[in-house]
Amino acid sequence: MNLSRRAFLGNSAALAAGIGFSDMSHAATQIVATTYPGSFDEAFKGVVGPAFAKSSGGSVSFTPLLGVDQIGKIQASRNAPPFDVVLFDEGPLVPAIESGVLEKFPAEKSKGFADIPQAFRHPDGYAPVITVQLIGIAYNPKKVKTPPTSWEDLWKPEYKGRVGITGLGSSLGTAFMVEIAKMNGGSETNIEPAFEAMKKLLPNVGAIAASPGALAALFQQGEIDIAFNYWNNVALLAAKGVDIAFASPKTGAVAVRSSAQIVKNNQAPKLVLDYLDAVMSFEVQKALEASPWVMMPTNKNVPLTGANLTVAKSVDDLVAKSVLLDWTKFQPLRGEWITRFTKEVRI
Amino acid sequence: MSNTRGHALALEGVGHAFGSTIALEDVSLSIAAAELIALLGPSGCGKTTMLQIIAGFLRPTKGEVLFDGNRVERIPANRRRIGMVFQNYALFPHLSVFENVAYGLRARKTSSAIVKTRVAEMLDLVQMGGFASRLPGQLSGGQQQRVALARALAIEPGLVLLDEPFSALDKNLRLDMQIEIKSLLKGYGVTSIMVTHDQEEALSMADRIVVLNKGRIEQIDAPDALYDRPASLFVNSFIGHANFLRGSVTADDCVRLAAGPEIRLAKSTQHCRGSAVVLSVRPENISLVDSNKPGAIPITVRATMPLGSVNVVEGVTPTGEAVKINQARLSSIAHARVGSGAWVAINDMTAVGVFSAPAETFSVNGAKEF
Amino acid sequence: MSGSATHEPRQLLPALPLAALFLAAFVLPLIVLVFISLFRTPQFLELSPIQYVKFFRDQFSVTVLLETLLLGAEVAMLSLLLAYPIGLAYLGSGKIGRALITFLIILPLLTSSVVRTFAWIVILGRDGIVNSTMLTLGLWDSPARLLYTWGGLVVALTQIQLPLMALPVINSLLRLNPNLVKAAEGLGAGRFRIFFTVVLPLTVPGAIAGWLLVFAAAATAFITQTLVGGGRIVLMPSYIYQQAVGVQDWPFSAALSLIFTVAVIGIVFLVGTTSRRFARGIDAV
């Protein structure tokens with residue numbers, strides 16, 4: 001028996017749903033775009049929505065979803081997808097492209113594409129990166145007196161029981177493990193040294209969080225004092241008065257590139273392009289960069305300000321300083337890694 | 001064993017109130033060992049409260065409870081050694097007949113050998129020896145009743161309390177069980193107190209009956225005495241049937257009935273001349289007579305009922321008082337026809353009760369039909 | 001009149017919408033799940049029962065299942081231990097007391113389990129109420145780890161699921177003939193004897209109903225397990241989620257779901273029937 005996965009998923013979902021509950025007929029003046037739950041969603045609703053309405057005359061409805069959940073939903077209804085634009089980290093983007101649910105980006109028609117540096121353009125012609133999530137070391141400055149300078153600092157005996165980690169289900173945990181593997185003689189495909197290093201880290205591990213958000217919350221609860229984490233999470237918590245600070249390791253913070261991608265068979269190709277142009281535009285990127293969102297811009301003309309200036313001087317500097325990983329190499333291995341992490345990394 | 005193994009019981013000035021509702025008021029009573037007492041009264045009269053107090057499930061708000069002269073108000077129910085038989089028997093439905101009867105013995109940590117013999121002895125006593133392994137649900141009402149009694153007696157109680165013990169039984173079975181239980185209790189020689197609202201049950205079983213009304217004792221007496229010499233209009237109406245005839249005192253020993261004739265009493269009354277009274281006459285103490293008989297009362301016949309051994313005639317006086325006559329079948333001197341007039345007269349003036357008329361119109365709803 | 005012997009179609013008509021919903025929302029997805037679980041690889045190539053073999057050969061997966069069932073059983077037991085005192089207090093209370101107890105039992109049901117779970121995070125956290133109290137009183141010299149521990153999870157789940165136990169237990173206690181308790185007391189039994197020989201055996205149906213509800217609810221409580229247990233404690237619900245969403249191994253996660261469903265239903269069935277037989281066994285002595 002050789003049944004294609006997407007055909008099967010499509011059929012089984014239709015079977016399960018009977019007639020299908022998805023909204024198949026949104027008007028052509030409205031598009032549906034996904035965001036990530038949390039501050040990301042708030043920022044897009046607050047900044048991108050109004051800007052898009054102004055520039056295109058259309059409107060956008062936002063649905064917060066985790067990257068991996070989106071693929072299944074589109075596959076379940078390929079001919080009338082529930083979203084027009086989807087948001088992916090580098091990792092989930094790989095299977096999304098493979099499954100054929102995405103359309104390439106019409107760069108020649110785009111107004112904003114010229115301002116995006118090469119590192120943030122997709123090598124195969126899919127839509128470009130719209131924001132970057134930096135991964136470094138978050139720590140409680142009240143408990144950790146000398147700011148950490150390297151990933152290895154997490155292994156210091158003085159942090160016994162105070163280190164927080166999260167699994168490979170997130171881009172955060174995956175990027176960290178790949179960096180640790182590289183640091184210990186492994187590579188983007190050889191994760192073995194990272195697992196060995198994790199075993200040595202276990203005495204220091206105070207909590208294993210279920211997600212990056214939960215990992216950030218652990219600082220708030222005082223459960224941990226040091227952990228790898230997203231710059232954006234740290235900046236948002238610090239702005240709320242939580243004792244948390246961010247340090248880039250001397251090897252460079254890892255940049256996880258997030259892109260908004262066009263769904264095949266979407267209802268309004270013109271509006272979708274307008275939407276992507278709006279997201280890439282100077283005005284929107286500048287607003288997203290500012291407080292309280294402090295999202296890293298990818299439009300090279302947007303100057304960095306405030307807290308963002310503490311990690312990079314400009315978008316070009318960000319590209320130069322950050323570690324970029326080739327997720328196409330290890331994304332297919334991630335499933336196995338996730339399961340292995342769950343089994344082996346236990347306290 | 002002697003046949004007076006029971007406690008003597010005394011209540012002295014016992015009262016109980018639930019919040020502001022007074023359930024029992026200043027009740028005093030003494031019961032001899034091995035006596036069988038019935039607490040009789042309409043619902044809400046306080047009889048159940050009294051039983052709960054004696055059993056130890058309620059602590060009286062005032063007064064003393066004495067077993068053989070010792071105060072027990074502060075002794076909890078589970079240390080009073082009282083055998084209790086409940087209205088619906090309250091057999092443990094999940095335990096066999098054997099285990100039900102053994103329950104009290106096991107609670108007293110009796111050795112299993114003794115439990116075995118004692119339970120067998122008790123089951124034989126109530127003729128339930130062959131049912132030891134049955135569950136209560138598999139028994140008839142009468143059988144459950146016997147088991148409940150065996151369970152109560154197994155702990156060799158100083159006192160057996162029975163709460164409406166026959167109310168769940170068929171009317172036919174009831175009399176048989178009354179006779180049986182009475183002889184068992186008497187034969188066993190235990191002091192017993194049963195609560196009932198059924199005067200027949202009380203009359204047929206008890207040595208003495210305590211009539212309660214509104215939390216007070218109306219009368220304590222032997223069944224005959226209660227019937228023949230009720231101390232109050234309430235007792236009179238509650239025990240047996242009575243005809244109530246209104247009148248007013250005209251002389252020391254004379255009452256003029258509202259219905260017509262003046263009647264001479266057997267002895268002089270304590271009521272002052274002119275005061276309103278009620279004469280109570282039992283149906284068997286009144287007969288149909290000729291119109292010229294002295295003291296004859298005119299009635300209109302409403303119904304006649306030939307009930308086998310007796311004929312019952314119901315009539316109404318010109319003043320609207322209902323009159324019931326029980327007449328031996330043979331003495332059908334006068335034939336009453338429904339709707340026609342007739343005359344009745346009192347047979348024996350010594351068995352007539354004279355009570356002062358209550359302030360409000362006296363209702364005979366409390367009276368029981370035979 | 002409408003005994004179980006006569007199943008006239010018209011009498012069953014009102015149950016039709018529920019039956020349809022049950023079919024569409026439970027039975028059909030379950031069938032799809034069975035189908036998915038029978039593929040050899042996440043690419044849906046080739047039918048094979050390999051996922052089930054993989055599960056039972058994998059010590060880790062089997063342990064996750066057993067620990068999840070153990071969690072359900074522990075929470076159900078603890079709830080049972082707490083429900084009886086609550087029920088007895090209810091029975092012994094007046095009108096106002098009963099209303100208050102009912103309100104306190106119902107109250108948690110009126111808040112979302114997410115809110116209740118976060119409340120437990122606040123209570124059990126390193127700087128939480130328990131730790132700060134114990135430290136202030138000088139009973140502990142350093143904050144204890146309560147959150148993200150097995151014990152903390154059991155306690156939090158017990159509080160959250162307690163209404164499911166307390167309500168059936170109270171209902172059974174209310175239906176218990178109070179004269180049975182008086183009879184036992186009159187026969188000389190003390191409180192404990194009365195409880196264990198009369199009250200407990202006669203309220204077993206309520207206790208079992210509550211036990212099964214709490215067991216199933218606690219074993220499958222994804223949110224509370226994840227938030228209070230953290231990433232440290234891996235249980236079936238989060239394992240299934242991870243395999244489906246994180247690893248994208250649908251066949252294996254479908255197999256996990258089915259094994260878990262069968263295990264929970266199996267235990268519910270097993271406990272239900274054996275306890276009923278046990279109850280009949282008491283009756284038949």
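Chain A and chain B do not touch, and their nearest C-alpha atoms are 48 Å apart. Two residues are taken to be in contact if their C-beta atoms, placed from the backbone, lie within 7 Å. The model is predicted: local features need pLDDT of at least 70, side-chain atom pairs count only at pLDDT 80 or more, and totals for chains, interfaces and linings use all residues. Residues are numbered from 1 along each chain as its sequence is written, while chains are lettered from A and ligands numbered from 1 in the order in which they are written.

**View 1. The contact between chains A and C.** Of the 2 pairs of chains in contact, chains A and C share the most contacts. Chain C contributes 30 residues and chain A contributes 28 residues. On the side of chain C that touches chain A, the elements giving two or more residues are α2 (16-37) and α12 (236-246) of chain C. Helices (H or I, at least four residues) and strands (E, at least two) are DSSP runs, numbered from the N terminus. With 6 residues, α2(C) gives the most to this side. By class, the side of chain C that touches chain A holds 16 nonpolar, 9 polar and 5 charged residues. In this classification Ala, Val, Leu, Ile, Met, Phe, Trp, Tyr, Cys and Pro count as nonpolar, Asp, Glu, Lys and Arg as charged, and the others, Gly among them, as polar.

**View 2. The contact between chains B and C.** Here 17 residues of chain B are in contact with 19 residues of chain C.

**View 3. The fold of chain C.** Chain C has 13 helices and 0 strands. Its C-alpha atoms fill a box of roughly 75 × 70 × 35 Å, taken along the principal axes. Of its 285 residues, 38% count as buried. A residue is buried if 20 or more other C-beta atoms lie within 10 Å of its own, exposed if 12 or fewer, and partly exposed in between, with C-beta atoms placed from the backbone. Among the contacts in chain C with a separation of 6 or more, 72% are between residues 24 or more positions apart.

**View 4. The fold of chain B.** Chain B has 8 helices and 20 strands. Along the principal axes, the C-alpha atoms of chain B fill a box of roughly 80 × 45 × 35 Å. Buried residues account for 42% of the 370 residues in chain B. Residues 24 or more positions apart supply 66% of the contacts in chain B with a separation of 6 or more.

**View 5. An open sheet of chain B.** In chain B, 4 strands form an open sheet in the order β2-β1-β4-β5, with antiparallel pairing. Two strands pair if DSSP finds at least two bridges between them. The edge strands are β2 (21-31) and β5 (70-71) of chain B, each of which pairs on one side only. Strand β4 (residues 62-67) of chain B is joined to β5(B) by 2 bridges, and the two run antiparallel. In β5(B), B:R71 is the bridge partner of B:L66.

**View 6. A hairpin of chain B.** Strand β9 (residues 208-213) and strand β10 (residues 216-221) of chain B pair in the antiparallel sense over 5 bridges. In β10(B), B:Q219 is the bridge partner of B:V211. The hairpin formed by β9(B) and β10(B) has 2 residues between the strands, and B:K214 in the turn has a positive phi of about 50°.

**View 7. The two domains of chain A.** Chain A is divided into domain 1 (5-132 + 257-311) and domain 2 (133-254 + 327-344); the domain bounds come from an automatic or database domain assignment. The C-alpha centres of the two domains lie 27 Å apart. Their contact takes 16 residues from domain 1 and 17 residues from domain 2. Helix α4 (residues 90-98) of chain A gives the most to the side of domain 1 that touches domain 2, with 4 residues. That side of domain 1 divides into 9 nonpolar, 5 polar and 2 charged residues.

**View 8. Residue A:E336.** A:E336 lies in helix α13 (residues 334-344) of chain A. This residue counts as partly exposed because 13 other C-beta atoms lie within 10 Å. The C-alpha atoms of A:E336 and A:I226, 110 residues apart along the chain, are separated by 27 Å.
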